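Below are my notes as numbered points, to be read with the model open beside you.

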Amino acid sequence: MNRAWWRERSELGVCALLLALGVLVLTDALTMDIDIGQRGPVGPRTVPLAVGAGLLLIAVLLAVDVLRGGRGEAESGEDIDLSEPADWRAVSGLAGVFLAAAVLIEPVGFPVAGALLFWGAAFVLGSRRFDRDPLIAAVLSFVTYILFDHLLGVPLPGGPLMGVL
């Protein structure tokens with residue numbers, strides 16, 4: 001099979017991803033440690049098993065469609081040119097910003113790491129409003145922290161600001 005064949009059937013990559021994800025979810029569900037004393041038809045394995053089986057089914061159906069010549073159609077409102085190459089500079093910049101936020105979230109806390117994430121993403125995507133962007137990022141990160149940590153009860157690391165917030 002040559003490169004042109006694979007290029008015409010690039011959706012097979014999505015099929016492979018869905019298949020791998022389905023196998024991972026099913027494996028995790030089947031090896032889940034559950035309490036033997038639990039009774040009833042719906043347990044902690046039910047939803048992961050259904051999701052994993054659904055992922056496998058979708059992967060197979062999509063692969064069959066692609067191999068029969070089916071192609072994904074761009075939406076009429078699509079504003080991108082699929083013939084242009086990917087902007088790897090932006091992709092790698094965003095990956096770096098996400099990685100930095102993941103590394104910094106524990107030592108500096110979510111409010112600071114989130115502000116750096118929001119501002120860094122805006123910067124990588126082209127915004128150069130140095131007077132406004134850091135302030136918006138800080139407010140957005142702080143509000144997100146308050147919503148998750150205090151209102152929803154999802155604990156996020158506060159870092160050095162833990163006593164203040």
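1. Let me start with a charged pair. The side chains of Asp-133 and Arg-132 meet in a salt bridge, at 3.6 Å from N to O. By salt bridge I mean a side-chain nitrogen of Lys or Arg within 4 Å of a carboxyl oxygen of Asp or Glu. Asp-133 is buried, with a relative accessible area of 9%, whereas Arg-132 is partly exposed at 36%. Here buried means under 20% relative accessible area, exposed means over 50%, and partly exposed is in between (1.4 Å probe, protein chains only).

2. A word on the ground rules. This is a predicted model, in which local features need pLDDT of at least 70 and side-chain atom pairs count only at pLDDT 80 or more, while totals for chains, interfaces and linings use all residues. Residues are numbered from 1 along each chain as its sequence is written, and side-chain values use heavy atoms, with hydrogens and water left out.

3. How many salt bridges does a search of the whole structure find? The search finds two. Besides the pair in point 1, Arg-129 forms a salt bridge with Asp-131, their closest N and O atoms being 3.3 Å apart. Arg-129 is partly exposed, with a relative accessible area of 39%, and Asp-131 is exposed at 59%.

4. Now the overall layout. The protein chain has six helices and zero strands, giving the pattern α-α-α-α-α-α along the sequence. Helices (H or I, at least four residues) and strands (E, at least two) are DSSP runs, numbered from the N terminus. Of the 165 residues of the chain, 21% count as buried. Residues 24 or more positions apart account for 57% of the contacts with a separation of 6 or more; contact means heavy atoms within 4.5 Å.

5. Helix H3 covers residues 46–67, and its 22 residues should span 32 Å at 1.5 Å a residue; the end C-alpha atoms are 32 Å apart, which agrees. The expected span is 1.5 Å times one less than the number of residues. Just after H3, Gly-69 takes a positive phi of about 105°.

6. Which residues of H3 are buried? They are Gly-52, Leu-55, Ala-59, Ala-63 and Val-66. Seen down the axis of H3, the buried residues fall within an arc of 70°, so they line one face of the helix. That arc is taken from the directions from the helix axis to the C-beta atoms. The buried residues of H3 pack against helix H2 (11–30). On the face turned away from the buried side, H3 carries the exposed residues Val-47, Ala-50, Leu-57 and Leu-61.

7. Helix H5 has 15 residues, which should span 21 Å at 1.5 Å a residue; its end C-alpha atoms are 20 Å apart, which agrees. Its buried residues are Phe-110, Pro-111, Ala-113, Gly-114, Ala-115, Leu-117, Gly-120 and Ala-121. These buried residues pack against helix H4 (88–108) and H6. Just after H5, Gly-126 takes a positive phi of about 115°.

8. Ala-122 lies in helix H5 (residues 110–124) and is partly exposed, with a relative accessible area of 25%. Ala-122 and Leu-94 are 28 residues apart in sequence and 9.3 Å apart in space, C-alpha to C-alpha.

9. Is Ser-141 buried or exposed? Ser-141, found in helix H6 (residues 133–151), is buried at 0% relative accessibility. Leaving aside neighbours within four places in sequence, Ser-141 is in contact with Phe-110, Pro-111, Gly-114, Ala-115 and Phe-118.

10. Finally, the aromatic rings. The structure holds two aromatic pairs. In one of them, the rings of Phe-123 and Phe-130 have centres 6.1 Å apart and planes at 40°, so the pair is tilted. Rings of Phe, Tyr and Trp (its six-membered ring) pair if their centres lie within 6.5 Å; planes under 30 degrees apart count as stacked, over 60 as edge-to-face and the rest as tilted. Phe-123 is partly exposed at 30% relative accessibility, and Phe-130 is exposed at 53%. Together with Trp-119, Phe-123 and Phe-130 form one aromatic cluster.
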